[in-house]
Amino acid sequence: MTGVLASQGYEFLSGPSWNLLADVQNMLSFAFMRNAFAAGTASAVVAGLIGYFVVLRASSFAAHAISHIGFAGAAGAVLLGVNPVLGVGVLSLAASVGMGVLGRRLRGRDLVMAFSLGLGYLFISLYTGNATNAYAVLFGQIFGITTGAVEITVLTSVVVLALLAAIYRPLLFASLDEEVAEARGIRVGAIGLGFMMLLALAVTEAVQVSGVLLIFALLVAPGAIAGRVFRRPAAALALSAALAVFITWASLALAFYTPYPVSFYVTSLAFAAYLGVRAAGPGAGIWRRLATSPGPRRDTASDPRPAATVRL
């Protein structure tokens, strides 16, 4: 990005220095960077919080499938002359409702993903104009986001966070033990459908940062890391959101000073962080013990979902 700006006449722009404050001021002197940080932060907070429940509920495939289906929506929106992100949102919400209603009865999900990508490519091939916006959805377009889009992203984030807070307790209970939650009178089906719709909104926001093909990095990795470090849901949620924000901020800064895209740094930093936590092994358990009150413990070595302790 630095090279691109320098080629446009910004000779004063130099690479990063040891003066962190000056570097931050340098980045934020550009309107597109302020927009990127604002939208990226809002999207990262939502992705981190929703992502924790995605991992807890073993729904990572749903996030992946919704993002691929969203690409077909983006391509269709370009064909109709509509904002691609709006197309992602509409089709992602439709897909989330279908998944929430069908649940375990849904079969052939891999074929649905493949069909969605093929349909998206068909829409792009039918479009005679410049389909750059649709292709950008594949790998993110955070540096091109407008002020109006930032406002929509922030507003959507506030709505998602408010709805997540409203269903937090029953969602957590249903995620930990669906049968017991249902026996306690929780409408597990309705909660699952509501969560799928929130996931669709989170995917729609996150595609602007990492793109539909790399959505796992921002939507799943922080939650997976947090689940391995903390047992308490509140602590894990806070860490997941913080990690998502840090990864986004660091990726934006690195992409600003280098010629490489934001999505590359998002996936690389998320992967490195996850490997670091895995490599730490038993060391990460120290944080779990500090964040968990004394009580019976269970072996989670073979549990694909992060362990959590909840008080209802």
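Helices here (H or I, at least four residues) are DSSP runs, numbered from the N terminus. This is a predicted model, where local features need pLDDT of at least 70, side-chain atom pairs count only at pLDDT 80 or more, and totals for chains, interfaces and linings use all residues. Residues are numbered from 1 along each chain as its sequence is written, and side-chain values use heavy atoms, with hydrogens and water left out.

Let's start inside. A nonpolar core is a set of buried Ala, Val, Leu, Ile, Met, Phe, Trp, Tyr and Cys residues joined through side-chain atoms within 4.5 Å; buried means under 20% relative accessible area, exposed over 50%, and partly exposed in between (1.4 Å probe, protein chains only). The largest such core has 78 residues, and I50, F53, F143, L199 and L219 have the most contacts inside it. Helix α3 gives the most to this core, 15 residues. Leaving aside residues up to four places away in sequence, I50 touches V160, L164, F195, L198, L199 and A202 (contact means heavy atoms within 4.5 Å).

Next, α4. With 16 of its 21 residues buried, α4 is largely enclosed by the rest of the structure. After α4 comes G81, with a positive phi near 80 degrees.

Now the surface. L79, L80, V82, L86, V90, L122 and L126 make up a nonpolar patch with about 640 Å² of accessible area together. Patch members have over 30% relative accessible area and no salt bridge, and nonpolar side chains (Val, Leu, Ile, Met, Phe, Trp, Tyr) are joined within 5 Å. L122 sits in helix α6 and is partly exposed, at 41% relative accessible area.

| Helix | Residues |
|---|---|
| α5 | 84–102 |
| α6 | 109–126 |

Notes
Helices (H or I, at least four residues) and strands (E, at least two) are DSSP runs, numbered from the N terminus. Patches are made of residues with over 30% relative accessible area and no salt bridge: like charges are joined within 9 Å, nonpolar side chains (Val, Leu, Ile, Met, Phe, Trp, Tyr) within 5 Å. Accessible areas come from the Shrake-Rupley method with a 1.4 Å probe; for residues, only the protein chains shown count as cover. A salt bridge is a side-chain nitrogen of Lys or Arg within 4 Å of a carboxyl oxygen of Asp or Glu.
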